[in-house]
Amino acid sequence: MASKWNCAICSKQIMWSELFTFYSKGAAHFFCFKDVAMQTKKEGVPVDALLNMLESELRMIVSYKKHLSETTNEDLKKVLDENEKDAEKHAALLTKLIDRMALQK
Ligand SMILES: [Zn+2]
């Protein structure tokens with residue numbers, strides 16, 4: 001299923017099943033964002049580690065969303081929903097840091 005966003009880097013439409021994030025130029029596929037960050041990274045900046053952590057958080061988001069759509073148990077839904085929001089917050093913080101440390105000139 002397609003989301004309403006197009007990737008700011010490759011211009012293709014982002015699917016809900018894909019890993020994606022939001023940075024200063026808009027929504028982007030994780031792997032497009034990763035390519036740009038790896039190309040522009042500066043000496044001494046732990047971009048690889050930050051990208052790995054971001055990828056883990058984004059995979060958690062996809063996983064939480066998948067389980068949320070599959071369960072009807074209200075208690076479970078509540079926990080999954082709260083955890084998913086936390087993962088989104090973590091992903092946003094990591095993306096912002098990578099954007100600032102690797103993509104900004
Ligand atoms: Zn892309």
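**Figure 1. Pairing of β3 with β4 in the predicted model.** Strands β3 and β4 (residues 26-29) pair in the antiparallel sense over four bridges. Pairing here requires that DSSP finds at least two bridges between two strands. Helices (H or I, at least four residues) and strands (E, at least two) are DSSP runs, numbered from the N terminus. Phenylalanine 22 stands opposite alanine 27, a residue of β4. The two strands are joined by a hairpin through two residues. This is a predicted model, in which local features need pLDDT of at least 70 and side-chain atom pairs count only at pLDDT 80 or more, while totals for chains, interfaces and linings use all residues. Residues are numbered from 1 along each chain as its sequence is written.

**Figure 2. The hairpin of β1 and β2, with serine 11.** β1 and β2 run antiparallel and are joined by two bridges. Alanine 2 has methionine 15, in β2, as its bridge partner. Six residues lie between the strands of this hairpin. Serine 11 belongs to the loop between β1 (2-6) and β2 (13-15). Although serine 11 is not a glycine, it has a positive phi of about 70°. Serine 11 counts as exposed because it has 8 other C-beta atoms within 10 Å. The classes are as follows: a residue is buried if 20 or more other C-beta atoms lie within 10 Å of its own, exposed if 12 or fewer, and partly exposed in between, with C-beta atoms placed from the backbone.

**Figure 3. Helix α2 and what covers it.** Helix α2 (residues 47-70) has 24 residues. From its first C-alpha to its last, α2 reaches 35 Å, close to the 34 Å expected at 1.5 Å a residue. The expected span is 1.5 Å times one less than the number of residues in the helix. Leu51, Leu54, Glu57, Leu58, Ile61 and Tyr64 are the buried residues of α2. An α-helix has 3.6 residues a turn, so residues three or four places apart point the same way. The cover over the buried residues of α2 includes β3 (20-23), α1 (30-40) and α3 (74-103). Leucine 58 touches Leu19, Thr21, Phe30 and Ala91, residues up to four places away in sequence not being counted. Two residues are in contact if their C-beta atoms, placed from the backbone, lie within 7 Å.

**Figure 4. Helix α3 along its length.** α3 has 30 residues and reaches 41 Å from its first C-alpha to its last, close to the 44 Å expected at 1.5 Å a residue. Its buried residues are Leu80, Ala87, Ala91, Leu94, Thr95, Ile98 and Ala102. These pack against β3, α1 and α2. Asparagine 83 is also found in α3. Asparagine 83 is partly exposed because 16 other C-beta atoms lie within 10 Å. Between asparagine 83 and serine 24 there are 59 residues of separation in sequence and 25 Å in space, C-alpha to C-alpha.

**Figure 5. Contact of α1 with α3.** The two helices pack at an angle of about 35°, with their axes 9 Å apart. Axes are lines fitted to C-alpha atoms, for helices over the stretch in contact, and angles run from 0 to 180 degrees between N-to-C directions. Val36, Ala37 and Thr40 in α1 meet Ile98, Ala102 and Leu103 in α3. By class, this contact has five nonpolar, one polar and no charged residues. Ala, Val, Leu, Ile, Met, Phe, Trp, Tyr, Cys and Pro count as nonpolar, Asp, Glu, Lys and Arg as charged, and the others, Gly among them, as polar. Threonine 40 touches Ala102 and Leu103, leaving aside residues up to four places away in sequence. Threonine 40 counts as partly exposed because it has 14 C-beta neighbours inside 10 Å. Threonine 40 and lysine 105 are 65 residues apart in sequence and 8.7 Å apart in space, C-alpha to C-alpha.

**Figure 6. The largest nonpolar core.** This core has 18 residues, and those with the most contacts inside it are Ala37, Leu54, Leu58, Ile61, Ala91 and Ile98. At least two residues of the core come from each of α1, α2 and α3. α3 supplies the largest share, six residues. A nonpolar core is a set of buried Ala, Val, Leu, Ile, Met, Phe, Trp, Tyr and Cys residues joined through C-beta atoms within 7 Å. Of the 105 residues of the chain, 22% count as buried.
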